[in-house]
Amino acid sequence: MRTSESAYDRRRLRQWLVGEARADGVSRRDMLRLLAAAGLAGAAPVALGTPAAAAPGIVKPLPEDRFTVRGTNAETRFASLAGTGYHTPNDRFFVRNHTATPTLSASDWALTVHGDGLTRDRTVDFTLADLRALPSVTHSAFVECAGNGRSFFTGQQGQPVSGTAWTLGAIGVARWRGVRLADVLRRAGLSRRAVDVLPRGLDADYVTDDGTNLGRVRRPLPLSKALDDVLLAYEMNGEPLPPDHGHPVRVLVPSWVGIASVKWVGDIEVSAEPLYSPWNTDFYRLFGDAHPDGGSAPLTRQTIKSAWELDGQANLAAGVTHRLTGRSWSGGGGVVAVEVSTDSGATWRPARLHDAPRRDGWVRWSTHWRPAEPGPRTLLARATDTTGRTQPEATVHNTQGYLFDAVVRHPVNAV
Ligand SMILES: Nc1nc2c(c(=O)[nH]1)N[C@H]1C(S)=C(S)[C@@H](COP(=O)(O)O)O[C@H]1N2
Ligand SMILES: [Mo]
């Protein structure tokens, strides 16, 4: 029947959007035309899930038990974090690359700071040795993609979104060591007129699916944040910054969406007038029916989430008590409580927390569960942060699938 065929067509087009359907031999342009005809336009895919065998431009090994490869990106498998401690080991930390990891030599690298927000409109270069000579700071903080959890807009809420179909593993917490961006800017000669700071990566230009060259990855930061807690990091968990995470130096913007933490930084413009780039105009704002025309304000702080350290559809023996673990975090304030449900949300109980609340970190938690009989079950975890915010049942839709914060339904099987 025509109507059911067209309903199915819309469903599979939505699946294609989130990387759950293949379109071998069909150009992306043709797929986009089909989407437009089906009224699903405006939700163009940025990246598709690809098999682990594809070469994603990532340098480090991506074993299947630790990562799920999604286009040019690699998502951490939460199950592989069980027992790893507070910090995400570098060999398990997710990678989000717009293009590919560049090969940069620390000895040839220099950071150029320039712009009319510096006194006398100067240009000042800093080598890595110059940075290392400044007072160093060590800070634990998460880097989390604004689109982390995006696949649940479709999977749980039946809504189309564009972009990489992450589950919950586009986050990691590391111990970063580097210098304060504030110290570098002051040394370069910060003028009283400065308002915005624009770090830019040395990776290749980003070209969108429709062939538009957006130039190198760059996103303006207001000076107030730049002078607050932002680092230029050269170490991650006690090692020189690995190639995939920004070697030799990246920006680290605690508690904000990951895009602010520009990797492979090569220059920083300090401006006396407000700046724009595609990453604070077309991307990283909330667009859609529930949001203002032209989008929300640019995204800053991350939202609140929880994840079990278990694979989806994990098998757990019935009649046995299991110690289950997970992590919760919120860019708005540290997590102070986590409740869990092992019966699809009918009853809830507090999980035991193992870390103090920190707005730019996460808390590990645990609970015990004994599934009485074999069968499919749904686990839920729901966090509350210091601001009193609790994860809702659904997230208000936005077309690019940012800031998913709803409670995620985690399927397991008692066997
Ligand atoms: N130069 C550059 N910086 C970048 C990106 C990029 O592609 N190029 N991706 C950004 C995004 S969207 C995220 S979520 C984080 C991911 O950091 P990670 O790969 O170290 O986990 O880096 C940000 N910084
Ligand atoms: Mo991101």
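Five strands line up as an open sheet in the order β14-β21-β20-β16-β17, with mixed pairing. Strands here are DSSP E runs of at least two residues, helices are H or I runs of at least four, and both are numbered from the N terminus. This is a predicted model, where local features need pLDDT of at least 70, side-chain atom pairs count only at pLDDT 80 or more, and totals for chains, interfaces and linings use all residues. Residues are numbered from 1 along each chain as its sequence is written, chains are lettered from A and ligands numbered from 1 in the order in which they are written, and side-chain values use heavy atoms, leaving out hydrogens and water.

**The chain overall**
- The protein chain has seven helices and 21 strands.
- Of its 415 residues, 54% are buried (under 20% relative accessible area; exposed is over 50%, partly exposed is in between, with a 1.4 Å probe and protein chains only).
- Take the contacts (heavy atoms within 4.5 Å) between residues at least 6 apart in sequence: 71% of them join residues at least 24 apart.
- The chain's accessible surface is about 17,500 Å², and carbon and sulfur atoms account for 50% of that. Such areas come from the Shrake-Rupley method with a 1.4 Å probe, and for residues only the protein chains shown count as cover.

- Two strands pair if DSSP finds at least two bridges between them.
- Inside that sheet, β16 (residues 335–341) runs antiparallel to β20, with six bridges. Glu339 has Arg382 in β20 as its bridge partner.
- Another open sheet has five strands in the order β4-β3-β12-β7-β8, again with mixed pairing. Its edges are β4 and β8 (221–222), each pairing on one side only.
- Here β3 and β12 are parallel, over three bridges, and His114 has Glu269 in β12 as its bridge partner.

**The nonpolar cores**
- The largest nonpolar core holds 31 residues, and Leu111, Val113, Val184 and Leu232 touch the most other members. A nonpolar core is a set of buried Ala, Val, Leu, Ile, Met, Phe, Trp, Tyr and Cys residues joined through side-chain atoms within 4.5 Å.
- Elements giving at least two residues each to this core include β3 (110–114), α5 (181–188) and β12 (265–271). The largest share, four residues, comes from α5.
- A separate core has 17 residues, among them Trp308, Leu310, Val340 and Ala351.
- Ligand 1 is surrounded by 20 residues, with Phe94, Asp203, His245, Arg250 and Lys263 the closest (a residue is near a molecule or strand if one of its heavy atoms lies within 4 Å of it).
- One oxygen contact of ligand 1, at 2.7 Å, is with a side-chain N or O atom of Arg250. A polar contact is a pair of N or O atoms within 3.5 Å; within protein, one must be able to donate a hydrogen and the other to accept it, and residues adjacent in sequence count only if both atoms are side-chain atoms.
- A nitrogen atom of ligand 1 is 3.0 Å from a backbone N or O atom of Ser261.
- The protein covers 100% of the 540 Å² of accessible area that ligand 1 has on its own.

**Thr395**
- Thr395 sits in the loop between β20 (375–385) and β21 (410–414), and counts as buried because its relative accessibility is 10%.
- The Thr395 side chain reaches the backbone nitrogen of Ala406 at 3.0 Å.
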